[in-house]
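Reader: Could we go through this chain together? I would like to begin with the overall fold and then move to the details.

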Amino acid sequence: RYNYNRCSKIMPCPVCERKKYCLVSDDGDFVICTKMPTAKPYRTYNGWLHSLKDSSYIKPDKIYKTKDYVPNAKIIQEVYDRMDLLPSALTELAESFQVHPVALIDMGVGKHGSSYGFPMRNAQRELTGIMKRNLAGKKWCIPHSRVGMYIPRSFNPKFETYIFDGASDTTIMAYRHYNALGRFSESSCVSMIVDILKKCPIVNVVPDNDVHGSGHRYALALAKKLYRSDRKVNIIFNRDYKDTRSWVESGTFTEEKFKNLKVNYERLLLCEK
């Protein structure tokens, strides 16, 4: 077993050169890259395992260890308590999402200065962090945050659920009366989602349609974790738009088209055999 450390500005990924998402082993011999597949597919849940031994990739000069920490709930809550949660403060972001401010209130969104904070929560709905974004679409997490799920107040884990990547898709689809649950990114919050959906009878995983196809791959991985004999698991592959928000904003989205894209995970397993 190896311990892995997150890539950063001072230790970019030796394979794809990105400054986040990927992981480097303690000895620098292995990389788990979330972008570049290996020639011989060998995948972990987080990405593709690359060996830097006898390869053209160059090991990092120094391994910067990832610090293990738990979210500082007190600090996160203090930041959240300072946010403006009134509808009047959410008007501009609501307009950019093409929803009513009530949709952002349902998500627990608040405004702080010129940015907006989306609370991230664990399976017990405890606050674990705050993802902030501005009107230009730039996103970041406040210090002491830990990645979590975007859980609308209206969400009921015992009903058919639609899982989205990111806060905007979750907000827009919850506003359209889908029982929506969001995760921070395409590869995050797997154990949390499994935990919160223990009693959910039907789960629909809705990935983004990114150019590298990683959204679809992670959707399949999540579906595998959620699959049970007493549960129906579907994946909704949208191949025409970048994400659900783009599809809705195009004006071509309909509930019928959306639900007709459902592919049953059990059927996909049969196709692989």
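**Contacts, cores and strands**

Author: Among contacts in the chain between residues at least 6 apart in sequence, 56% join residues at least 24 apart, where contact means heavy atoms within 4.5 Å. This is a predicted model, in which local features need pLDDT of at least 70 and side-chain atom pairs count only at pLDDT 80 or more, while totals for chains, interfaces and linings use all residues. Residues are numbered from 1 along each chain as its sequence is written, and side-chain values use heavy atoms, with hydrogens and water left out.

Reader: How many helices and strands does the chain have?

Author: The chain has 9 helices and 14 strands. These are DSSP runs numbered from the N terminus, with helices being H or I of at least four residues and strands being E of at least two.

Reader: And what is the radius of gyration of the chain?

Author: The radius of gyration is 19 Å, close to the 19 Å that the globule rule gives for 273 residues, so the chain is as compact as a globular protein of that length. The radius is taken over C-alpha atoms, and the globule rule is 2.2 Å times the number of residues to the power 0.38. Along the principal axes, the C-alpha atoms fill a box of roughly 60 × 50 × 35 Å.

Reader: What percentage of the residues count as buried?

Author: Of the 273 residues, 47% count as buried. Buried means under 20% relative accessible area, exposed means over 50%, and partly exposed lies in between, using a 1.4 Å probe and protein chains only.

Reader: Which residues touch the most other members in the largest nonpolar core?

Author: They are L104, V109, F118, M173 and F258, in a core of 28 residues. A nonpolar core is a set of buried Ala, Val, Leu, Ile, Met, Phe, Trp, Tyr and Cys residues joined through side-chain atoms within 4.5 Å. The elements that give two or more residues to this core are α2 (91-97), α3 (101-106), β6 (115-121), β10 (161-165), α4 and α7 (244-250). Of these, α4 gives the most, with 4 residues.

Reader: What does L104 touch?

Author: Leaving aside residues up to four places away in sequence, L104 touches L90, L93, A94, F97, V109, F118 and T171. There is also a second, separate core of 24 residues, which includes M149, L181, V233 and I235.

Reader: Which strands does β12 pair with?

Author: β12 pairs with β10 in the parallel sense over 4 bridges, and with strand β13 (residues 232-236), also parallel, over 4 bridges. Two strands pair if DSSP finds at least two bridges between them. I163 stands opposite V205 in β12, and I202 stands opposite K232 in β13. Strand β12 (residues 202-206) is largely enclosed by the rest of the structure, because 4 of its 5 residues are buried.

Reader: What is the order of the open sheet of 4 strands?

Author: The order is β1-β2-β3-β4, with antiparallel pairing. Its edge strands are β1 (4-6) and β4 (48-51), each pairing on one side only. Between β1 and strand β2 (residues 23-25) there are 3 bridges, and the two run antiparallel. N5 stands opposite V24 in β2.

Reader: Now salt bridges: how many are there?

Author: The structure holds 9 salt bridges, each defined as a side-chain nitrogen of Lys or Arg within 4 Å of a carboxyl oxygen of Asp or Glu. One of them joins R228 to D230, with the closest N and O atoms 2.9 Å apart. R228 is partly exposed at 30% relative accessibility, whereas D230 is exposed at 54%.

Reader: Which residue forms a salt bridge with D243?

Author: K242 does, and the closest N and O atoms are 3.1 Å apart. D243 is buried, with a relative accessible area of 8%, whereas K242 is exposed at 55%.

Reader: Where do R245 and E249 lie?

Author: Both lie in helix α7, 4 residues apart, about one turn of the helix. R245 is buried at 16% relative accessible area, and E249 is partly exposed at 33%. An α-helix has 3.6 residues a turn, so residues three or four places apart point the same way.
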